[in-house]
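Trainee: I would like to learn how to read a model like this one. Can we go through it feature by feature?

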Amino acid sequence: MVVSLMTSCFSFKGISIPSDVNTFYVEDFTISAYNTPGDINQVFAEALRQKIRNESRLQYSDRDPDITFSGIITHFNVNSVAPTEGNTTALNRLEIKIKVNYENAKNEEDTWSNNFSFFEDFDSTQDLQSMQDGLIENIFRQLTEDVFNKAFTNW
């Protein structure tokens, strides 16, 4: 009886992956947002691939994968926040929004589409171009965590 319970799904650090799901594929995301770095879609897709490789037992495969991730980068924007005296701001905010499609070939009821967003604030005296890669990396770290949790921890 204990054996049958243990073979129904894989669970590690709160991760729950059915035992019949063994492979995944992450397509390069498309871009619908303006003013994005040209390779941001590939950078996000690779960050998600790495997250899944490093934190699950799933194997990457582009041939008939059990799970497929795809999506769109829908928003890439810098806004001023934290207004100060004299029509200036102390901080700027880079916000990125993505739409993720998750397809489970083993269980179509587990297929979903969801929007995710995250932002990083930075000092308004600093140049975005010099900080952009680090900001994007931090934002993608949180977004991949959110996508991973939605897919494998049922939060």
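Mentor: We will take the overall layout, then the core, the helix pair and the salt bridges.

Mentor: This is a predicted model, so some limits apply: local features need pLDDT of at least 70, side-chain atom pairs count only at pLDDT 80 or more, and totals for chains, interfaces and linings use all residues. Residues are numbered from 1 along each chain as its sequence is written, and side-chain values use heavy atoms, with hydrogens and water left out.

Trainee: How many helices and strands does the chain have?

Mentor: Helices (H or I, at least four residues) and strands (E, at least two) are DSSP runs, numbered from the N terminus. Here there are three helices and eight strands. From the N terminus, the order is α-β-β-β-β-α-β-β-β-β-α.

Trainee: What share of the chain is buried?

Mentor: Buried means under 20% relative accessible area, exposed over 50%, and partly exposed in between (1.4 Å probe, protein chains only). Of the 155 residues in this chain, 36% are buried.

Trainee: Which residues touch the most other members of the largest nonpolar core?

Mentor: A nonpolar core is a set of buried Ala, Val, Leu, Ile, Met, Phe, Trp, Tyr and Cys residues joined through side-chain atoms within 4.5 Å. The largest one here has 35 residues, and F44, I52, F69, I96, I98, F140 and F152 touch the most other members. Elements that each supply at least two residues include α2 (40-55), β6 (67-84), β7 (88-104), β8 (112-123) and α3 (128-152). The largest share, 10 residues, comes from α3.

Trainee: What does F152 touch?

Mentor: Contact means heavy atoms within 4.5 Å. Leaving out residues up to four places away in sequence, F152 touches G14, I15, S16, I17, I52, L58, I67, F69 and Y102.

Trainee: How are two packed helices described?

Mentor: By the angle between their axes and the distance between the axes. Axes are lines fitted to C-alpha atoms, for helices over the stretch in contact, and angles run from 0 to 180 degrees between N-to-C directions. The axes of α2 and α3 come within 9 Å and cross at roughly 50°. That makes α2 oblique to α3. Angles under 35 degrees count as roughly parallel, over 145 as roughly antiparallel, 65 to 115 as roughly perpendicular, and the rest as oblique.

Trainee: Which residues meet between α2 and α3?

Mentor: From α2, the list includes I40, F44, L48 and I52. On the α3 side, I136, F140, L143 and F152 are among them.

Trainee: How many salt bridges does the structure hold?

Mentor: A salt bridge is a side-chain nitrogen of Lys or Arg within 4 Å of a carboxyl oxygen of Asp or Glu. This structure holds eight. In one of them, R93 pairs with D121, with the closest N and O atoms 2.7 Å apart. R93 lies in strand β7 and D121 in strand β8, so the pair ties together parts 28 residues apart in sequence. R93 is partly exposed at 25% relative accessibility, and D121 is partly exposed at 30%.

Trainee: Where do R49 and E46 lie?

Mentor: Both are in helix α2, three residues apart, about one turn of the helix. R49 is buried at 9%, whereas E46 is partly exposed at 32%.

Trainee: Which residues are joined into one network?

Mentor: D28, E46, R49 and R53, through salt bridges that share partners.
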